[in-house]
4 protein chains.
Amino acid sequence: MSSYRKRIAILGATGYGGSELLRFLLFHPNVEVVRATSRQHPGKPVHTVHPHLLKVTELCFEDVSPEEAAEGVDLVFSALPHGASQDSVRRLPASVKAIDLSGDFRLKDPAVYRDVYGHEHNAPEQLGQFVYGLTEFNRRAIAPARRVANPGCFATAALLALLPLAHAGTLDGPVALVGVTGSSGSGAEPKSGTHHPERAEAFRAYKPLVHQHLPEICQELSRAGAPEARVAFVPHSAPMVRGIHITAILHPKEPLSLETVRSIYHSHYGDERFVRLRNEPPDVAVVAGSNFADLHCRSDGRTLVVLVALDNLVKGMVGQAIQNMNLMLGLPEHAGLQFPGTRP
Amino acid sequence: MSSYRKRIAILGATGYGGSELLRFLLFHPNVEVVRATSRQHPGKPVHTVHPHLLKVTELCFEDVSPEEAAEGVDLVFSALPHGASQDSVRRLPASVKAIDLSGDFRLKDPAVYRDVYGHEHNAPEQLGQFVYGLTEFNRRAIAPARRVANPGCFATAALLALLPLAHAGTLDGPVALVGVTGSSGSGAEPKSGTHHPERAEAFRAYKPLVHQHLPEICQELSRAGAPEARVAFVPHSAPMVRGIHITAILHPKEPLSLETVRSIYHSHYGDERFVRLRNEPPDVAVVAGSNFADLHCRSDGRTLVVLVALDNLVKGMVGQAIQNMNLMLGLPEHAGLQFPGTRP
Amino acid sequence: MSSYRKRIAILGATGYGGSELLRFLLFHPNVEVVRATSRQHPGKPVHTVHPHLLKVTELCFEDVSPEEAAEGVDLVFSALPHGASQDSVRRLPASVKAIDLSGDFRLKDPAVYRDVYGHEHNAPEQLGQFVYGLTEFNRRAIAPARRVANPGCFATAALLALLPLAHAGTLDGPVALVGVTGSSGSGAEPKSGTHHPERAEAFRAYKPLVHQHLPEICQELSRAGAPEARVAFVPHSAPMVRGIHITAILHPKEPLSLETVRSIYHSHYGDERFVRLRNEPPDVAVVAGSNFADLHCRSDGRTLVVLVALDNLVKGMVGQAIQNMNLMLGLPEHAGLQFPGTRP
Amino acid sequence: MSSYRKRIAILGATGYGGSELLRFLLFHPNVEVVRATSRQHPGKPVHTVHPHLLKVTELCFEDVSPEEAAEGVDLVFSALPHGASQDSVRRLPASVKAIDLSGDFRLKDPAVYRDVYGHEHNAPEQLGQFVYGLTEFNRRAIAPARRVANPGCFATAALLALLPLAHAGTLDGPVALVGVTGSSGSGAEPKSGTHHPERAEAFRAYKPLVHQHLPEICQELSRAGAPEARVAFVPHSAPMVRGIHITAILHPKEPLSLETVRSIYHSHYGDERFVRLRNEPPDVAVVAGSNFADLHCRSDGRTLVVLVALDNLVKGMVGQAIQNMNLMLGLPEHAGLQFPGTRP
């Protein structure tokens, strides 16, 4: 690798996605963040919005068009909100590589998109150009891609749990999928659901059976040979800041021994750098801040339980995006991502 | 009702069960706590262990035998730990009513008890005398009972979710049961699982498929006509202090419309004082401190989701025990339990 | 006392002040809440805004004028926001008693009010009618009053710490006052300072030396004979929901022995129902949900430390207001306030 | 710098000090951790105790003597508990450099040590060999030192606040010092003070006026020319995991303008890499996980307020220790410490 640093731009760098991209990319050995856009804070140092970056970087926000942001850069991240991202990403020159963190380009079918998000897609003709960026399963397609749609946080955890079973042809019974998220998944804008006095001791489900990540999960299970998988997904809010936890409870038609299940997961993840098979149920506190996804499975013969924990902002968003960036730019996949998290 | 106050004793009053019993009973209009036992703190005012009770009561702990504790009282609560409780409760005179908060007398079958708790029961001959104290379903048996085994916190929430379906004969498909508990469920003794630096942002499963409340749940479902119910239970720890949340995901053989399901729950709980049917997913923060169990259900036709939230120390333990006490002493079932909780 | 229940109205009942007033007053043995106003939610049951009150009360919000709200009632609480409260309270008929929870009528001097709050007072001629409702020190003036301005939460804790010293003439050196508040003090509206992802692990000062409760504190110290007290006040936000904690560090000109200091506090609070002198530093978790203020003092001869913990929404707001209501309506001062809080 | 990596050993690597040393040193470009000792877990991979380090390092704990641990290494960190550390550190060969994280070698005077810690020091003759490792003020002594006593977390924050004033000769009035710590300061062993159900919403003072870091603070203020400083220190526990916050309230004899104060701090910290002067009160959530100390000051002319926030485990312990290690080994002071923390 030459000492040349690849040049990166970030669209919409004031939210938590932008904050985490900066945290990792400012210390990435092979890239340089040359631009961070913000409509609301043009000209201001990024530390005015992200106070932990004072004395870490001199970078300032710029209010420039997507086309201008992409000038002279190797890869653009869009950390713009769902719905807004497509308007910017569609305008990026084809010559510039791009990774979209939003939900805008994950679903292949514009009709499904409309059903899920409640409005027409603005660039349906571009949907086909996007590779679904679940790194561990789509590496070969991601590396040469010019456009990557980064998976949703729940979808990442759910697919890491279920795809090995789909590939093994064992996803034939009903799948109960219970997800739990920390409050940072709601983004940087205060809202009633993240009001500290009411969130600090709250645990509650939301959007039971109708969360927008479910079609994403089903689309990818279908591609993996399990189009008939019956997945019921119920997400919950827990009173923590970071973390996604998935509990999958499966009732396969044929009994699956624990040894069989473990060997399925071992064959997929034994050599993975960022997926860890644990001997005990995983804990979101152990992966917080890091790009690791921890997985554990149990079986009593007829019922199978798969547990996954990851950091929604890292492995569930920015960390996975940087894995993808590394692949797309010909860098080592793990570059800049070794941080083990802070525990406690 | 006469102005005579029923006399109550509490065995093992230094833990959270004791603390909550005192919180409610000291302000109960019809009873008087005359004795609170502790082996470790004899003679000390209860506020030395429960500092919030300073200037609330002059009561002191006593180190007396169960027999002595029961002298002259109408009803004894045992808030002793699992395993230890049976040794004391078995010695109580038959003439004194008793409610055991531990898991010692919930299972009818000593063989199941041994399997679940890993040791022989010390008073297997007494198991048959105990009524399972799930108030909303066992009132008629509880009122005349001399011995009540108070249900476990997870079991209470799970059974409130599932028993109406069992009675309706619709519990014929696999049931995925995901439970979540706050840290107070671990009791008043510090342990590694409740060490604040590691618990404050933790979410993790424990005892997947093998939690000791599952046999209790199955026993009661069986009694309700669903002996074949296939229940998989995975409990989790969440970083909150109080609360049990149950997410039940069911795949019934025959599709169940949302209207049907709602009418099933309405017929059971419409007139209940402490079970509330909500229009939105329940939140443990909303029931914390109170004796309410909040329930909500969803269905997309083929999959059914039932959500229950309650306070593990109140409706899941002490509050339900006081409902039972009220019934056993001929008092209004809700007496002393109206407190709506503190929110936020 | 007759069985007649006093009739109470609450102006602005949708915030945390309204919520807590309902929590206490709905179970108060001598009063009845007959009206709760809200401009935004007219006609809706109060449980739509305060979900913990479902099945607790049938009361609905009304959008009525202050004059209409006051019709036929014995006492009106205003839980309206600072600044807005004065517009409603000024219109209340003189014949109806009123307690204002806001900061609008606490300061006697309209010029000080303008300096502190940045705008002219709308009813400066009424300021003189208000008694400062610090119950333990102003009972004799509160009982016959028709108008009471309820103290601020920080001011309540600070004055409970300092007034005994002021009366003893020992407040002659510099006083460093460090306050800490939970997030519920920010009210029910989401804002950036209470956004869970950023508040959950935050500790920070705000408004150092210029918080609006300081003039209130100084006004009352002055009335207690310490007009020259040099008080520096620095409030902080801590990642908890409920609680005010005050640490007062004093350097009196004459050395004060611990015995002297203790006897000063004992003479003031030994017989108080809601102020508890503790042998150890107080803990906000121990008073949360209750009307208790816990106090502890230390001295090494030359430096004196006084620590106070209370619940900002109870003893620092609604609980103290109900103490005052009880006095104004001729009821026992502690009626309806015995709840010891929930711990843990 | 050559590509040779300096060799490091850690004594007592199972606690939070060990965990944080590993987090930083495993990614430090110029050093290699060759040994991590543990009496309890010999032979086990470090990830069995520090689960976040699975797939991060293959290192295993060793149960070796201090002398053996020091063989062939360039520098030894002792992360052993207070009191136990001195027994191991005294046995290290003089030829090996060492940094002690405990309180054992911070106080120069064995008599003061005995008063503070309640027992005789085991190696009083070695006390004189230790340099007090407050990096920003003692660099010139630290760089050539063979023994460094790393400052306490509260002492670090307090001294960063006060030493510039001491050097400026303005520390002539009473100083009220209020400290706040997160729960990780209590270490990795569960205890009643860190029991989640009771700590999660607690705020309370402890050891008012008698905390063991005060003599350390006074010793260093004295060395900086302020032997007569009258410092009263009251530490508190807050319900967060990481963080130290110091609020210093000073009443200098001569009025100090805000400009004067700011210029004092600017001259000390303007060019410091890890001390940041902020325009607003600092927040522990903003420095959590990082080696930064954030500082802000206010003055109303007669009263001066200085606020400092840092991470107790990083700038208050391990991060500062690595700054010192870098100096002692001739490495860039900031090497391996650039991590900006995770926010939110």
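1. For the terms: two strands pair if DSSP finds at least two bridges between them, while strands (E, at least two residues) and helices (H or I, at least four) are DSSP runs numbered from the N terminus.

2. A word on what you're looking at. This is a predicted model, where local features need pLDDT of at least 70 and side-chain atom pairs count only at pLDDT 80 or more, though totals for chains, interfaces and linings use all residues. Residues are numbered from 1 along each chain as its sequence is written, and chains are lettered from A and ligands numbered from 1 in the order in which they are written.

3. Back to β10(B), which has another partner: strand β8 (residues 174–181) of chain B pairs with β10(B) in the parallel sense over eight bridges. Here B:Gly179 stands opposite B:Pro235. Is strand β10 (residues 230–237) of chain B enclosed or open? Seven of its eight residues are buried, so the strand is largely enclosed by the rest of the structure. Buried means that 20 or more other C-beta atoms, placed from the backbone, lie within 10 Å of the residue's own.

4. Chain B also has an open sheet of seven strands, paired in parallel, in the order β3-β2-β1-β4-β5-β7-β6. At its edges are β3 (61–62) and β6 (131–132) of chain B, each pairing on one side only. Further in, strand β1 (residues 6–11) and strand β2 (residues 31–37) of chain B pair in the parallel sense over five bridges. B:Arg7 has B:Glu32 in β2(B) as its bridge partner.

5. Now chain A. Its domain assignment (bounds from an automatic or database assignment) gives domain 1 (6–129) and domain 2 (154–311). Their centres, taken over C-alpha atoms, are 26 Å apart. Nine residues from domain 1 and seven from domain 2 make the contact, meaning C-beta atoms, placed from the backbone, within 7 Å. On the domain 1 side, helix α4 (residues 110–117) of chain A gives the most, with three residues.

6. Finally, the neighbour of chain A: 23 residues of chain A are in contact with 23 residues of chain D. Helix α1 (residues 16–25) of chain A gives the most to the chain A side, with three residues.

Notes. Two residues are in contact if their C-beta atoms, placed from the backbone, lie within 7 Å. A residue is buried if 20 or more other C-beta atoms lie within 10 Å of its own, exposed if 12 or fewer, and partly exposed in between; C-beta atoms are placed from the backbone.
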